[in-house]
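Here is a short briefing for a first look at a protein model. Keep the sequence and the 3D view side by side as you read.

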Amino acid sequence: MSEFLESLDISKLNEYQMNKRNWLVESHYPADRTNITYWRALEDNRINFLEKAKGKDLCDFSTPEIVEAINYAPTIKMSSKKVLKTVMTKYNQWALDRGYNPTGINSCQGIDNKDLKVNMTAFEMSYVDLDYFYDVLKVIQASDVDKMILVMARYGIKTKDMAYIRWEDVDREAKTASLFYGYN
């Protein structure tokens, strides 16, 4: 079994989360990364929250409910919405194959990607006002290194590129960093 799936504390999972865990266990995805991606696609997009609110498992959602769940997910990238749709389709097919869905229909089949929309409220909420960001930096208990990593992430510097920044590239007083990547 996947290391990730073994790390889930089943005593803290509700019935809907247990169903998703069972799906991943039975699907035998070879890469732990796949299990993590699929789990997070559902958890990070509040699918479990919707299941609890509606009192039913994802496999019992109608096609309009699936589209609504995808469209109102907090993810703001269309590619992420397509991944969420794919994960939901795979889960619903698994549930259908085991007879968990009495309708005999995978509600995700036939959803056109043109029906998927970016949730503009989530998009707008994903951006933090710059003054607020700097206020947070002032009060958090973190080293200068940790704060600089947050600043670099805030300005879109890729994690893999952060490794090329040297201390002499950082001006602590001006709070700037000159990026000279170590490519020769």
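A salt bridge here is a side-chain nitrogen of Lys or Arg within 4 Å of a carboxyl oxygen of Asp or Glu. By that rule, Lys-54 and Glu-68 form a salt bridge through their side chains, at 4.0 Å from N to O. The model is predicted. It holds 8 salt bridges. Its largest nonpolar core has 29 residues, and its largest pocket has about 330 Å³ of space.

**Salt bridges**

- Side chains of opposite charge can pair when their charged atoms come close.
- Lys-54 sits in helix 4 and Glu-68 in helix 5. The two are 14 residues apart, and their pair links distant parts of the chain.
- Lys-54 is partly exposed, with a relative accessible area of 34%. Glu-68 is partly exposed too, with a value of 39%.
- This pair belongs to a network: salt bridges with shared partners join Lys-54, Lys-56, Glu-65 and Glu-68.
- Lys-20 and Glu-51 also meet in a salt bridge, with 2.5 Å from N to O. Lys-20 belongs to helix 2 (residues 15-27) and Glu-51 to helix 4 (residues 47-54), so this pair ties together parts that are 31 residues apart in sequence.
- Are Lys-20 and Glu-51 buried or exposed? Both are buried.
- The side chains of Arg-98 and Glu-26 form another salt bridge, at 2.7 Å from N to O. Arg-98 is in the loop between helix 6 and helix 7 (120-125), while Glu-26 is in helix 2, so the pair ties together parts that are 72 residues apart in sequence.
- Arg-98 is partly exposed, with a relative accessible area of 37%. Glu-26 is partly exposed as well, with a relative accessible area of 37%.

**Nonpolar cores**

- In soluble globular proteins, nonpolar side chains tend to be buried together.
- In the largest nonpolar core, the residues with the most contacts inside it are Trp-23, Leu-42, Ile-47, Leu-58, Ile-66, Leu-84 and Met-88.
- Which helices each supply at least two residues of this core? They are helix 1 (3-7), helix 2, helix 3 (32-44), helix 5 and helix 6.
- Helix 6 provides the largest share of this core, with 6 residues.
- Take Ile-66 as an example. Leaving aside neighbours within four places in sequence, Ile-66 is in contact with Leu-58, Phe-61, Met-88, Asn-92, Ser-107, Cys-108 and Ile-111.
- A second, separate core has 9 residues, including Leu-137, Met-152, Ile-165 and Val-170.

**The largest pocket**

- The lining of the largest pocket is made up of Tyr-134, Leu-137, Lys-138, Asp-144, Val-145, Lys-147, Met-148, Val-151, Trp-167, Val-170, Arg-172 and Lys-175.
- Two or more of these residues come from each of helix 8 (130-139) and helix 9 (144-154).
- Helix 9 gives the most to this lining, with 5 residues.
- How many lining residues of the largest pocket are nonpolar, polar and charged? There are 7 nonpolar and 5 charged residues, and no polar ones.

**A loop proline**

- Pro-74 lies in the loop between helix 5 (63-71) and helix 6 (78-97).
- Pro-74 counts as partly exposed because its relative accessibility is 23%, and buried means under 20%.
- Pro-74 and Thr-121 are 47 residues apart along the chain. Their C-alpha atoms are separated by 8.4 Å.

Technical notes
Residues are numbered from 1 along each chain as its sequence is written. This is a predicted model: local features need pLDDT of at least 70, side-chain atom pairs count only at pLDDT 80 or more; totals for chains, interfaces and linings use all residues. Side-chain values use heavy atoms; hydrogens and water are left out. On a 1 Å grid over the protein atoms alone, a cavity is a set of points where a 1.4 Å probe fits but cannot get out, and a pocket is an open set with protein on both sides within 12 Å along at least five of seven lines; lining residues have an atom within 4 Å of a point. Grid points are joined across faces, edges and corners, and a volume is the space filled by probe spheres set on the points. Helices (H or I, at least four residues) and strands (E, at least two) are DSSP runs, numbered from the N terminus. Ala, Val, Leu, Ile, Met, Phe, Trp, Tyr, Cys and Pro count as nonpolar, Asp, Glu, Lys and Arg as charged, and the others, Gly among them, as polar. Buried means under 20% relative accessible area, exposed over 50%, partly exposed in between (1.4 Å probe, protein chains only). A nonpolar core is a set of buried Ala, Val, Leu, Ile, Met, Phe, Trp, Tyr and Cys residues joined through side-chain atoms within 4.5 Å. Contact means heavy atoms within 4.5 Å.
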